[in-house]
Amino acid sequence: MPTCSRSERSALADDLPMAARFGLLPSLGLGVLLVAVGSGCGDNRIRQPVVDGGAVEKLRTELVSSTGAANGGEAEDSAATGTGWGTLKGRFVFAGTPAEAKALIVDKDTEVCSKDGGRLLDRSLLVDPSTKGLANVVVFVRKSSRVKESAPADAPLVFDQKQCEFITPVFAARVGQEIDVHNSDPVGHNTNIAGTSFNQLIPAGNGTLFKPAAETAMPTAVTCNIHPWMKAYIVFRKDGYVGVSAADGSFTIPDLPAGELLEFQVWHERSIGPNQALGLAEPDLKWSSKGRFQVKIEADEVKDIGTLEVPATALGG
Amino acid sequence: MNPITLPDVRHPRGPRPVWGMKLPVLLVMLVMFAASGCGATPPAWFRLNMVEATKQKLTPEQERQVATVISAMFGTPDDPVALPETGLDEAKLRLAAGPVRSDIVGRKNGLYREHCAHCHGVTGDALGPTAAFLNPYPRDYRPGIFKFKSTERADKPTHADLTRVLKNGIPGTSMPSFALLSETQIDALVEYVKYLSIRGETEIGLIRAIFELDDEAEGKLPESREFLVGERLAEVVEKWKAADTALIDVPEMPADIDLVESIAKGRELFYGDKANCVKCHGPTALGDGQANDYDDWNKYVVDWTTKEINGESDTQWVNRAHRVLDGDALKPRTIQPRNLRRGIYRGGRRPLDLYYRIHAGINGAPMPGAKGTVPPEDIWHIVNYVQSLPYELDGELGADRPMVARDRF
Amino acid sequence: MDQDKRNRDAGSGGNPPGDTWVDGLPQGRRWSGIGWSLLFLLVPVLGTATFVIAPYYNHWLPKDVSVHGRSIDDLFYFILVLTGVIFLATELILFWFMWKYDAAASSKPATYIHGSHALEVVWTIIPAATMLFLAIYQMNTWADIKMRRPRMSPSAEVVARQFEWRIRYPGRDETLGTPDDLFVVNDLHVPIDEDFLIQLKSMDVLHSFFLPNLRMKQDAVPGMKQPVWFKATETGTYDIVCAEVCGWGHYKMKGRVTVESRADFDRWLARIEAEQKATQRGPDEIPMAAAD
C-alpha cells in the first residue's frame, strides 16, 4: 500500500527545519535574480534629460502670450561699420606624411569609369607632395553685414562630372545662383545633393539647372547613386564668401566687408571636429574647437593669415 | 475476490504545517508579483532625438534645454500643444493623441497609440516595440522626409497624399490599410503625423542650431519667441504650408497614344542612357541592379557610425554613442531597388502615381527624378512600360495576344 | 448480487460509525454535503441559462445572409440540442448521486463493483452510433460549402497578409492576372444572389478568412490557392475577420464585405476602375490653395 507510515512522516517533520534553512537561501537568491530581471524590463536606453514642468509652463506662456508679430526683432547690426572691401588669404599645409590614397572600387561602367586602366583614387585628403599644401579646405564667413554687389553671372556655374568623378571635389555657390549640374560622360549619372532633396538623373552629355534655395550650415555631400564611389561636397552661402584651398593649400576670399570683425568657419572632409569643423591651435586668430576664427580686415587690405599647419591628428590620424 | 481496499485518504493529524517551507515560496511569489508590476505604464513622453543630440555632442545642460523648449512648444503625447503658427488643428490632435480611450460621447480617442505607435513609436521616431522586426523599417517622421507624394521632390506631402497612404496602406511593406476608419479619424491621424513630423524636425533644427551658436551664447539657445517660433518653427512650418502649391504638374497622357508602341518606347528609355532605370532596377527589372545603397534614414546612421564614431578618440563619448545606436537607432539596412516584375507599387498603382515617382524620384531614397531630363511624354512611355513589366510579353503584343501575369504561388 | 452484499458487509464491519476521523469534522458537515451537491447543480442550471440569455445580449450566431448558411445553422442547432440534452442528463445524474449518497447523510458504506460489461457496451455503442450519424448527416452540407465548387472562374482573389486583406478583381476580361485587374484593400464587394468564387491566398503566414454572416471560414495557407464560394442573399455590409492568430497585429485584420445589387456592384467596380486608371488627380487630391 502506498501509504505514508507515521514514522516516515515524523522523520520528514524532523527534517523540516533543515529543509527550510536550505530552501530559504536559494529562494532568496531567486528572488534577488527576479528583481534584477524585473528591473531590466524598464528602459535600458540612454537616460533622457529630466525636464522641469514649471520651466516648460513658463516658457509656453511666453510663447503663446506674445502672439503679436514683431516683438522688437533686434535689428541686425546692419549699421555699416565700414565702407571698403578687403581680401583674406592664407595657406593650409599638412603637417605629416599622408598615407597613400586608396583606390576606389569601380565596378560599374568600367569601360568609361576606369578608361585606359586608369584608377580612381580617394580624394578626401589631397596633399601636394612638394609644398605640403592641403587642398579642399573650405573657409567661409558665418555672418556678414554687407555683401559687395557684383554683376550677376550671365552663365550658370558648371558642376561637372567626368570619368565617373565630380571634377570639383568641393564646390561653392551662392544661394539663388543657377548651377548647371552637368554630365560630360558617355554614361548616365544622377546627382544627389544631401539635405537639399535634389536628386536628378543627368543624362550623358547633358545637364540640368539647379538653383539652391537655402544655405548649408556646412558643406553637404554630393553623390551619384548609380556609381556609389563618386563623392563631392558642395556649400551654398547667401553672401558667397567662400574660399576653397587650392592644390598648394592656398585660399583667397576677396571683397569681404572691411572694418568689422568677421567670423570664419573652416571645414575639411576628413576633420574629426564637430560637423567636420577644422579646429586648429591658432590662439592669435581665436581659433576655436568648432573650427572658427575671427579676423578684422581694413579697407583695401589683403590680410594674409599666413601658413596654417594642420596636424595629422586633426584629420583623423 | 476480496473487496478492494483503498488507501486511507484521511488527512493525517501528524505534523503541523511548517511555515519554514512555505515562506520562501511565498517570498518568491511576492517578488514575482512585484517584478511584474514594473510594466505599469508611466505617463507617455516624447523622447529626445538622442542620435542627433549625441552626434552634435550636446552637454546634459543643452539636452535639458532642448527638451524643455520642445516640450514648451509642442506639449506631451497626452497633452499636445499646437502653437497657432504651426497651422495645426489642436482639436484633431487631441482625438489622435493620448492613451486609447472613449470620451463622454463614446468617441474613440488615442487613435495614434491604438493604430500607429507600436511601429512608429510614441515620438514618431520609428522606434516602436515592433519596429525592429519589420523590413523595411517603419517611417521615422522626425527628419520630415516622406516618399509617396504628389509634390515635387524637395517638398512636403499634401494632406491628401498622407490620407491616401493611410487609406491604401503601403503594399510591399508592413504598413496596412486603414481604409475602414472613418474620415474624421483618418483626418485626425494625418494631422497628428504632421504634428509629430513638425515637432521632430523642429527638434533637429534646435539641436543643430547649438553648433551654429556664436561663442558669446555660451552654448545656450536663445529662448525668445522670435528665435523659437519666428525662426526654428517657421522654417519647418513654411515647408508644410508650401506643399499645397508645389504640386507636380502632370500633363495629360496623349490620348492617341498607342499602347504597344508606347511600351516599346518606354523599354528603350528604361535601358537608355537618359532615364537609366536599368542601372538600379537591373537589366531584368527584378531590382537587382544596385543593392548596396542606403536610404536617407539609414545612411544617416551609417555615416555617423563610419565617419564620426569610428574616427573618434574620446572613448567615453564613443561608448555613449554605441549605447545610443543600440537604444535609439535601428541596425542600418541597405535599400533594394523595386522589383518591377511583382506588380507591387508602394506609392500607389495608378499611372498618375508612377508618373509622380518617375518625375520627382523618391525623396529619401536613392531614386533620382527624371524631371527636366526626360520630357513628360517620355515619362508616360516609361509608366506604360513599367506597368507592363509584371505581365509576360509573350512574343508580339497585340489585341489578340493579351498580356498574362506569371503566377507566383 | 452477491458481490454487492459482501462488499456491504465488509464495509460495515471494517469501518464502524463513530471512528475518530468523523468526530474530527466540524459540526456543519451535514450542510456541506447538501452545499456541494447544490453547487454542482449550478453547472447545468447556469449552462442552460447562458444559452437562453445569450441571444438577448447579441451573443448568438450573427445574422445569416447566405444560401448555405441555413444548413450549417441547422446542423449547429441539431448538435447543440443533442449535446445539450446529454449534458443536462449527465449533470443531473451527477447531482442526484452526490445528493443521494452524501457520506454524512447516509451511514451506508461505499460499495465497490468491478463494472458492468453490458452497460459499457451500451454507452460505447450509443455515442459511436450518434457520431456516425452526425458524420453522415453533415456530409451534404460539407460538400456544398467545400466540395461542390461552382464552375466558374474566380470572381475575386483575396490575398491575406499581415495585417490586411488585399483583394483583386479580374476586371473586364474576367481573368485574374491581366493588366485590367482591379485592386482594393479590406473592402470586398459582392453582388447579391450570385455565386461568388474567391481564390484565397496568403502572402506570409497562416490566416483564416472568416465571413461570419456568410457562414464561411477558410484558412489561407501560404503557397496554396484555396477556393471559397458563397451566395449572399441580403444586401448590407458585414465583417471580414481573421480567425487564425497570425501575429501581433491579428486584431487589425478586419475587413468589410458589402453585399449589393448587381447594378450597384457594377457601378462600384466602374468607379474603382476609373480611379485605378487615373492619369490626373481626383478632386479630393487638389488642395484648396492650388485649386484657386
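Residues are numbered from 1 along each chain as its sequence is written, and chains are lettered from A, ligands numbered from 1, in the order in which they are written. Because this is a predicted model, local features need pLDDT of at least 70 and side-chain atom pairs count only at pLDDT 80 or more, while totals for chains, interfaces and linings use all residues.

User: How many strands does chain A have?
Analyst: Helices (H or I, at least four residues) and strands (E, at least two) are DSSP runs, numbered from the N terminus. On that basis chain A has three helices, and its strands come to 17.

User: What percentage of the residues in chain A is buried?
Analyst: A residue is buried if 20 or more other C-beta atoms lie within 10 Å of its own, exposed if 12 or fewer, and partly exposed in between, with C-beta atoms placed from the backbone. Chain A holds 317 residues, and the buried part is 33%.

User: Which residue in strand 10 of chain A stands opposite Val181(A)?
Analyst: Strand 7 (residues 179-182) of chain A pairs with strand 10 of chain A in the antiparallel sense over four bridges. Opposite Val181(A) stands Thr208(A).

User: Are helix 8 and helix 9 of chain B parallel or oblique to each other?
Analyst: Axes are lines fitted to C-alpha atoms, for helices over the stretch in contact, and angles run from 0 to 180 degrees between N-to-C directions. The axes of helix 8 (residues 183-212) and helix 9 (residues 225-242) of chain B come within 9 Å and cross at roughly 140°. Angles under 35 degrees count as roughly parallel, over 145 as roughly antiparallel, 65 to 115 as roughly perpendicular and the rest as oblique. Helix 8 and helix 9 of chain B are therefore oblique.

User: How many residues of the contact of helix 8 with helix 9 of chain B are nonpolar?
Analyst: Two residues are in contact if their C-beta atoms, placed from the backbone, lie within 7 Å. Those making this contact include Ile198(B) and Leu206(B) of helix 8 and Val236(B) and Trp240(B) of helix 9 of chain B. Ala, Val, Leu, Ile, Met, Phe, Trp, Tyr, Cys and Pro count as nonpolar, Asp, Glu, Lys and Arg as charged, and the others, Gly among them, as polar. Four of the residues are charged, two polar, and the nonpolar ones number seven.

User: At roughly what angle do the axes of helix 10 and helix 15 of chain B cross?
Analyst: Helix 10 of chain B is roughly perpendicular to helix 15 of chain B. The axes of helix 10 (residues 259-271) and helix 15 (residues 376-388) come within 7 Å, and the crossing angle is roughly 95°.

User: How many residues of strand 2 of chain C are buried?
Analyst: Strand 2 (residues 164-169) of chain C pairs antiparallel with strand 1 (residues 156-161) over five bridges. Four bridges join strand 2 to strand 3 (residues 182-185) of chain C, also antiparallel. Strand 2 of chain C is mostly covered, and of its six residues the buried ones number five.

How values were computed. Two strands pair if DSSP finds at least two bridges between them.
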